[in-house]
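Trainee: I have a new model open and would like to go through its contacts. Please start wherever you like.

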Amino acid sequence: MTELPYSASPVPNDWHRKGLPAWTYHSEALFALEREKLFLTHWQLAGHECDIPNPGDWLSFDLLGERAVIMRGADGVVRAFHNLCRHRGARVVDGDSGHCKGAIVCPFHGWVYNLDGTLRGAAKPSSFGAMQREDFGLKPIEMSLFHGFIFIRFTPGPQPAIAELLAPYDADFTAYRLGDLLPVQLPHWASDLAVNWKSVRDVDNEGYHVAMAHPALQELYGRTYRDLYLESGLNISHGYFGDAPGRGWSVRHYVKLSPPRADLPLHLQQAWTYYGLFPNTVIAMTPEGAQFYQDLPLSVGKTRLTGRLYRWAGETRQARAARYLAYRIDRETSAEDQQLSIWSNESMKSSAFEGFHLSDLEYGLRCHHDGLRTLLPVMTQADAPPEDRMAAANAELTCQSVAAP
């Protein structure tokens, strides 16, 4: 088997095999802390530069009451702003994506913004008295690009700059020439699931279930599948295909049609590779395409599974057919994972549920749960604090952690 060029941490010989307690999956008060200290303070992937190729093109990104718009300016620069008019707070753009020709016009009262977010003018400006236009531009949001992917975060947080954080992925992303990506005809997808977001992550963070729950993936690469655990909340899942023809229609034809990629390093040829980023994002690569997917919480009991799909520039007819077949396999796998997420989430409210007992092949869950417990030490408690004491209990445990030698 080809050696993978990553500095991965081995699974310890002896480790605590319990996961998070069940109460953490249905506490409203804990969910409020997750919003404040996890999702709004960590990098979120909003799209790729190729999604907004022209001046005035934009993408939106909503997360737990915050609204972002990412736009390419007249100067070609990509910027991120709060999708919030400085007059009354209306959305200045509405929808998943679109184009503003020359300016952004608020649909509520007609305030006009330049494509770089500066205020061009308010409707009936004399009615506002002495108002300085430079004080009323769209509010910027922290944004970074990494191989064309657009990352934003709404408030400062513990993760380093995105280039530093994702440095272990740099060589692979360079080899894939991600700057050459193009969106597919219908790039964006979304599906809402009535589960806590952690139940979705728990399923996706381990490959132990592949052999039983995902027959197509098992046929495709299950014999060579590996999970690797890196530092700083990064993880890689990797599998090679082509050593067997496959029995299912999609797998059988995909293996025949997937184009050879001699331009890629050996460990990426005939491989499906998934690059994870804590807490909720995965970027996936195959020889004929790329995608990212993420789990965006809508409430304590509802999660939006969403992402975007991409193709390589200069796509051949054969590669396009292989990409379609890969999508078929992915779609089937996603449906299987969604059912597993529902069952897992249901169990958290059962009186018979006594907690996780994890396999070495599920160490990815432990890594993810450890990341959550570090940020929110209240999750270490076997029993839930009272809802009205959740934030205070977490603050007390945080102080204890900082004070500990």
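**Charges, rings, sheets and cysteines**

Mentor: Lys 37 counts as partly exposed, at 33% relative accessibility. Buried means under 20% relative accessible area, exposed over 50%, and partly exposed in between, with a 1.4 Å probe and protein chains only. Before going on, note that this is a predicted model, where local features need pLDDT of at least 70 and side-chain atom pairs count only at pLDDT 80 or more, while totals for chains, interfaces and linings use all residues. Residues are numbered from 1 along each chain as its sequence is written, and side-chain values use heavy atoms, with hydrogens and water left out.

Trainee: OK. Which residue forms a salt bridge with Lys 37?

Mentor: Glu 36, with the closest N and O atoms 3.8 Å apart. A salt bridge here is a side-chain nitrogen of Lys or Arg within 4 Å of a carboxyl oxygen of Asp or Glu. Glu 36 is partly exposed too, with a relative accessible area of 45%.

Trainee: How many salt bridges does the whole structure have?

Mentor: The search finds 20. Take Asp 192 and Arg 304, whose closest N and O atoms are 2.6 Å apart. Asp 192 is in strand E11 (residues 181-193) and Arg 304 in strand E17 (residues 302-312), so this pair ties together parts that are 112 residues apart in sequence. Strands (E, at least two residues) and helices (H or I, at least four) are DSSP runs, numbered from the N terminus.

Trainee: Is that pair buried or partly exposed?

Mentor: Partly exposed: Asp 192 has 35% relative accessibility and Arg 304 has 32%.

Trainee: What about Asp 243 and Arg 223?

Mentor: Their side chains also meet in a salt bridge, 2.9 Å from N to O. Asp 243 lies in the loop between strand E13 (234-240) and helix H7 (249-257), and Arg 223 in the loop between helix H6 (215-221) and strand E12 (226-229), so the pair ties together parts that are 20 residues apart in sequence. Arg 223 is partly exposed, at 42%.

Trainee: And which residues are linked in a network of salt bridges?

Mentor: Arg 177, Asp 180, Arg 261 and Asp 263. Arg 261 comes up again, with its charged end over the ring of Trp 312, 5.4 Å from the centre. That label needs NZ of Lys or CZ of Arg within 6 Å of the ring centre and within 35 degrees of the ring normal. Lys 198 also qualifies, lying over the face of Tyr 25 at 5.2 Å from the ring centre.

Trainee: Rings next. How many aromatic pairs are there?

Mentor: The search gives 19 for the whole structure. One of them is Phe 353 with Phe 356, which is edge-to-face, with 5.8 Å centre to centre and 90 degrees between the planes. Rings of Phe, Tyr and Trp (its six-membered ring) pair if their centres lie within 6.5 Å; planes under 30 degrees apart count as stacked, over 60 as edge-to-face, and the rest as tilted. Phe 356 is buried at 13%, whereas Phe 353 is partly exposed at 25%.

Trainee: Which residues form the aromatic cluster?

Mentor: Phe 146, Phe 149, Tyr 169, Phe 173, Tyr 275, Phe 292 and Tyr 310 form one cluster.

Trainee: Back to E11 and E17. What is the strand order in their sheet?

Mentor: E11-E17-E16-E15-E14-E13-E12, an open sheet of 7 strands with antiparallel pairing. Two strands pair if DSSP finds at least two bridges between them. E11 and E12 stand at the edges with a single partner strand each, so one side of each has no neighbour in the sheet. E12 and E13 pair over 4 bridges, in the antiparallel sense, and the bridge partner of Tyr 229 in E13 is Asn 235.

Trainee: And the sheet with E4 in it?

Mentor: That open sheet has 4 strands in the order E4-E3-E2-E5, with antiparallel pairing. Its edge strands, E4 (78-82) and E5 (97-99), pair on one side only. Strand E2 (residues 57-63) is joined to E5 by 3 bridges, and Leu 59 has Ser 97 as its bridge partner in E5.

Trainee: Last topic. How many disulfides?

Mentor: The search finds 0, taking a disulfide as a pair of cysteine sulfur atoms within 2.5 Å. For Cys 85, the nearest cysteine sulfur is that of Cys 106, 3.8 Å away. Cys 85 is buried, at 3%.
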